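Try each task before reading its solution.

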Amino acid sequence: MGKLMYSCEQAARLSSRAMEEPLGPVDRTMLRLHLMMCANCTNFSRQIEFLRRASRKVPEAIDRGKT
Amino acid sequence: MAGKETDLARELESHRDYLVRFALFMLRDLALAEDAVQETFISALASHEEFQGRSQLRTWLTAILKNKVFDLVRSRSKGPPMVSSDDLQEDDGRDGAFGERGQWIDPPSNWGLPEEAFESSQFWETYLKCCKVMPERQALVFSMREVLGLSAEEICKKLELTTSNLHVILFRARQSLRTCMTKNWFGGEHG
């Protein structure tokens, strides 16, 4: 794949950054394009979203004594 | 009046155990965690008029505790150990998870949508263990963002980080946590 595509590392870093702030139009488009073609990075992106949902439940988990 | 305060003090005690465990998760130091809770109780007693059942007592106490935790973290982060931490360094552009052309060395697997894991105490045990694998500061930044849900801006201000530092730290934290969870939860019989 040539320079036209972002690498998996670039895509993963952008997926992570997108959880903090909206990406610019170029990055957003390039990331979407990469994710459409790359199952690995799609898995990565879903994993970190899952971990966010889990993390938000930590206080509950601690409350129930599930530590 | 005195009776009312004694009642409140007694009620506070019933939340101590939870608050200490929560503070311990954030601070990783029992003595510090207990200090934070003690200060929380002092603030709570001093400002109990403000409470008046507006929300759950535990929610109110947790909000106070979060601020105490930040104060402790901030005063500690002024000292050398946290500032000189590796994960504060600017990104060197290399990450052990990727090859020379930026390809995954160990590609992320499909975890499915395992929300039922949230009901499992083993899941939480694994999650908390995996958080402890992260370096202290990385874990703290991660929990401020993901557990407490603070904005990137707030975290940068509180910990005196640049935005790009924050992105690097959170990326590494997520990599560390998902790798550890893959190995210890999703890779095994639960996946």
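**Exercise 1. Work out how α1(A) passes α3(A), and which residues do the touching.**

Solution. Keep in mind that this is a predicted model.
- Start with the handedness: the crossing of α1(A) with α3(A) is right-handed.
- Next, find the contact residues. From α1(A) come Cys8(A), Ala11(A), Ala12(A), Ser15(A) and Ser16(A), and from α3(A) come Cys41(A), Phe44(A), Ser45(A) and Ile48(A).
- Sort them by class: six are nonpolar, three are polar and none is charged.
- Now the geometry. Helix α1 (residues 8-17) of chain A and helix α3 (residues 39-56) of chain A pack at about 25°, and their axes are 10 Å apart.
- Angles under 35 degrees count as roughly parallel, so α1(A) and α3(A) are roughly parallel to each other.

**Exercise 2. Describe how α1(A) packs on α9(B).**

Solution. Stay on α1(A), but look across to the other helix.
- The angle between α1(A) and α9(B) is about 105°, with the axes 9 Å apart.
- Since 65 to 115 degrees counts as roughly perpendicular, α1(A) is roughly perpendicular to α9(B).
- Ala12(A), Arg13(A), Ser16(A) and Arg17(A) of α1(A) meet His167(B), Leu170(B), Phe171(B) and Arg174(B) of α9(B).
- By class, this contact has three nonpolar, two polar and three charged residues.

**Exercise 3. Are α7(B) and α8(B) parallel, perpendicular or oblique?**

Solution. Get the angle, then check the contact.
- Helix α7 (residues 136-147) of chain B packs against helix α8 (residues 152-159) of chain B at about 140°, and the axes lie 9 Å apart.
- That angle makes α7(B) oblique to α8(B).
- Their crossing is right-handed.
- On the α7(B) side you'll find Arg137(B), Leu140(B), Val141(B), Met144(B) and Arg145(B); on the α8(B) side, Ala152(B), Ile155(B), Lys158(B) and Leu159(B).
- The tally for this contact is six nonpolar, no polar and three charged.

**Exercise 4. Classify the aromatic pair of Phe50(A) and Trp111(B).**

Solution. A search of the whole structure turns up 14 aromatic pairs over all chains.
- For Phe50(A) and Trp111(B), the ring centres are 5.8 Å apart and the planes make an angle of 85°.

**Exercise 5. Which element of chain B has the lowest mean pLDDT, and which the highest?**

Solution. Begin with the whole chain.
- Chain B has a mean pLDDT of 85, and 85% of its residues reach 70 or more.
- Among its elements, helix α5 (residues 80-83) of chain B is lowest with a mean of 41, while helix α9 (residues 163-186) of chain B is highest with 95.
- Over residues 79-85 of chain B, pLDDT is below 50, and this stretch has nine contacts in the model beyond near neighbours in sequence.

Terms used: Residues are numbered from 1 along each chain as its sequence is written. Chains are lettered from A and ligands numbered from 1 in the order in which they are written. This is a predicted model: local features need pLDDT of at least 70, side-chain atom pairs count only at pLDDT 80 or more; totals for chains, interfaces and linings use all residues. Side-chain values use heavy atoms; hydrogens and water are left out. Axes are lines fitted to C-alpha atoms, for helices over the stretch in contact, and angles run from 0 to 180 degrees between N-to-C directions. Helices (H or I, at least four residues) and strands (E, at least two) are DSSP runs, numbered from the N terminus. Angles under 35 degrees count as roughly parallel, over 145 as roughly antiparallel, 65 to 115 as roughly perpendicular and the rest as oblique. A crossing is left-handed if the near helix is turned anticlockwise from the far one by less than a right angle, and right-handed if clockwise. Contact means heavy atoms within 4.5 Å. Ala, Val, Leu, Ile, Met, Phe, Trp, Tyr, Cys and Pro count as nonpolar, Asp, Glu, Lys and Arg as charged, and the others, Gly among them, as polar. pLDDT is the predictor's confidence in each residue, from 0 to 100. Rings of Phe, Tyr and Trp (its six-membered ring) pair if their centres lie within 6.5 Å; planes under 30 degrees apart count as stacked, over 60 as edge-to-face and the rest as tilted.
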